[in-house]
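Hello,

Here is the structure we talked about handing over. My notes on it follow below.

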Amino acid sequence: MKLSKNSNVLIISHFSKRAMEGGGPPQEIRDYLLPKVKRIYYIEHPFPYSKDHRSSMTTYEDGILRKQIFTPEIFGPEALFYILDTLITFYFLIKAWVRFDLCIALDNLNTVSVLPFKKLGLIKKLVFYTIDYTPLRFKNKILNNIYHLIDRVACYNADAIWILSNRMITARKQNGVDTKRSAKNITLPMGANLSRINVLPIEKTNRYDIFFAGILLEKQGVQLILDSLPMIILKIPKVRFIIIGQGEYEQTLKDLTISLKINNHVIFEGFVKNHKDVENILARSAIGVAPYIPSPDNYTFYTDPGKPKLYLGCGLPVVITDVPAIARVIKSQKAGIIADYAAESFTKALVELLSNDALYKTYRENAIKLSKTYNTNTLIAEALDKTN
């Protein structure tokens with residue numbers, strides 16, 4: 001799709017933590033388009049578990065932030081949040097009352113919420129960007145069925161569907177999506193913004209630092225690395241485990257750190273607002289870990305997580321479980337190691353990379369090379385070209 005300096009673009013997403021300088025998909029798309037279009041209207045809604053309960057619309061013109069408006073904070077049950085999201089989107093778009101050349105809506109509810117504006121001709125091209133998908137979105141069967149109904153409506157009424165992984169197509173077919181009625185699927189995998197990352201020489205990195213970045217949930221598997229650390233420390237006394245992120249599992253992880261008596265080897269950095277700062281910390285580390293729990297309801301199996309790409313982009317070999325499709329790619333390119341979800345397996349992989357300098361150098365060089373395949377700006381440009 002061709003956009004010009006006169007184009008108006010709408011981006012709608014949800015957030016866990018509000019971060020204007022975040023490196024998530026909506027922010028990366030926004031930053032890619034800022035110098036290329038006239039205006040960007042950027043709408044954000046909080047997930048029910050977010051601490052910031054305000055929705056917002058930020059307006060950029062000629063690449064500059066011009067205006068930002070917020071709703072009052074909203075409290076109530078989860079279902080209320082999602083109902084109000086649609087009404088708030090209506091309010092923002094009526095207030096803006098602009099014809100959009102392109103709307104990129106992240107998730108099915110945001111996509112469906114703008115369909116009336118598409119029917120009215122206020123949105124020329126609608127992209128449904130699926131950044132996560134799972135057959136079991138809600139444990140409640142009724143809610144789960146509603147979720148998949150909304151997803152089908154989004155698939156049938158969008159002009160294009162951007163997906164992270166082909167596994168999403170297979171899963172949607174199994175959940176009743178008629179591919180003949182569905183919009184065209186265009187693969188836009190997660191990546192790393194290589195233009196923003198400064199990869200350091202090995203001698204300027206902290207050779208014994210292991211790194212994790214992400215929301216601290218049980219399914220992310222950070223507890224497994226903590227369980228592995230006592231065994232790793234015996235062989236690599238200088239090892240440190242740096243954790244960036246917050247989440248509902250954070251206190252459990254901190255308690256586990258204390259009980260294992262590994263406080264001196266674990267650093268909880270908390271939430272880092274500016275993604276550039278995350279990248280700088282990462283670039284000084286040695287290894288990135290992605291110990292996803294291999295459970296049937298882990299949406300990481302169907303998606304393409306950004307964490308491993310971020311590690312690669314910063315020059316870090318990755319130790320990862322065989323959950324997302326990228327794990328096989330990392331292994332085949334010798335840019336990291338697939339480990340079983342077991343403390344002994346992660347211990348073996350991490351000690352090997354931390355102690356064998358020659359092996360580590362090879363894997364690091366391969367990680368940097370593989371990251372070129374996942375340059376965020378290149379991937380976005382290719383997806384836009386395919387969106388006809």
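The lining of the second largest cavity divides into six nonpolar residues, no polar and no charged ones. Here Ala, Val, Leu, Ile, Met, Phe, Trp, Tyr, Cys and Pro count as nonpolar, Asp, Glu, Lys and Arg as charged, and the others, Gly among them, as polar. The residues in question are Leu93, Val98, Phe100, Phe117, Leu122 and Ile123. The volume of this cavity is about 30 Å³.

Some ground rules. This is a predicted model, where local features need pLDDT of at least 70 and side-chain atom pairs count only at pLDDT 80 or more, while totals for chains, interfaces and linings use all residues. Residues are numbered from 1 along each chain as its sequence is written, and side-chain values use heavy atoms, with hydrogens and water left out.

Back to the cavities. The whole structure has two of 30 Å³ or more. A cavity is a set of points, on a 1 Å grid over the protein atoms alone, where a 1.4 Å probe fits but cannot get out; lining residues have an atom within 4 Å of a point. Points are joined across faces, edges and corners, and a volume is the space filled by probe spheres set on the points.

The largest cavity holds about 50 Å³. Its lining divides into four nonpolar, three polar and two charged residues. They are Cys155, Ile161, Ile169, Arg172, Lys173, Val177, Thr179, Ser182 and Asn185. Helix α6 (residues 167–174) gives the most to this lining, with three residues. Helices (H or I, at least four residues) and strands (E, at least two) are DSSP runs, numbered from the N terminus.

**Aromatic pairs and charges over rings**

There are seven aromatic pairs. Rings of Phe, Tyr and Trp (its six-membered ring) pair if their centres lie within 6.5 Å; planes under 30 degrees apart count as stacked, over 60 as edge-to-face and the rest as tilted.

Take Tyr129 and Trp162. Their ring centres are 5.6 Å apart and their planes are at 75°, so this pair is edge-to-face. Tyr129 lies in strand β6 (residues 126–130) and Trp162 in strand β7 (residues 160–163), so the pair ties together parts 33 residues apart in sequence. Tyr129 counts as buried, at 3% relative accessibility. Trp162 is buried too, at 0%. Buried means under 20% relative accessible area, exposed over 50%, and partly exposed in between (1.4 Å probe, protein chains only).

Tyr133 and Tyr147 make a tilted pair, 6.4 Å centre to centre with 35° between the planes. Tyr133 is in the loop between β6 and α5 (141–157), and Tyr147 is in helix α5, 14 residues apart. Both Tyr133 and Tyr147 are buried.

Two arginines sit over tyrosine rings. Arg181 lies over the face of Tyr156, 4.0 Å from the ring centre. The charged end of Arg207 is over the ring of Tyr360, 4.1 Å from its centre. The test: NZ of Lys or CZ of Arg within 6 Å of the ring centre and within 35 degrees of the ring normal.

**Salt bridges**

How many salt bridges does the structure hold? The count is 16. Each is a side-chain nitrogen of Lys or Arg within 4 Å of a carboxyl oxygen of Asp or Glu.

Glu28 bridges to Arg196, with the closest N and O atoms 2.8 Å apart. Glu28 is in helix α1 (residues 25–33) and Arg196 in the loop between β8 (184–187) and β9 (209–213), 168 residues apart. Glu28 is buried, at 5% relative accessible area.

Arg240 and Asp209 form another bridge, at 2.7 Å between the closest N and O atoms. Arg240 lies in strand β10 (residues 240–244) and Asp209 in strand β9, so the pair ties together parts 31 residues apart in sequence. Arg240 is partly exposed at 30% relative accessibility, whereas Asp209 is buried at 3%. Salt bridges that share partners also join Arg18, Glu44, Asp52 and Arg54 into one network.

**Backbone**

Most residues other than glycine have a negative phi. Trp97 has a positive phi, near 45°. Trp97 lies in the loop between α2 (78–96) and β5 (102–106) and counts as exposed, at 52% relative accessibility. Lys334 also has a positive phi, about 50°. Lys334 lies in the loop between α11 (326–332) and β14 (336–338) and is partly exposed, at 49%.

Best regards

Conventions
On a 1 Å grid over the protein atoms alone, a cavity is a set of points where a 1.4 Å probe fits but cannot get out, and a pocket is an open set with protein on both sides within 12 Å along at least five of seven lines; lining residues have an atom within 4 Å of a point.
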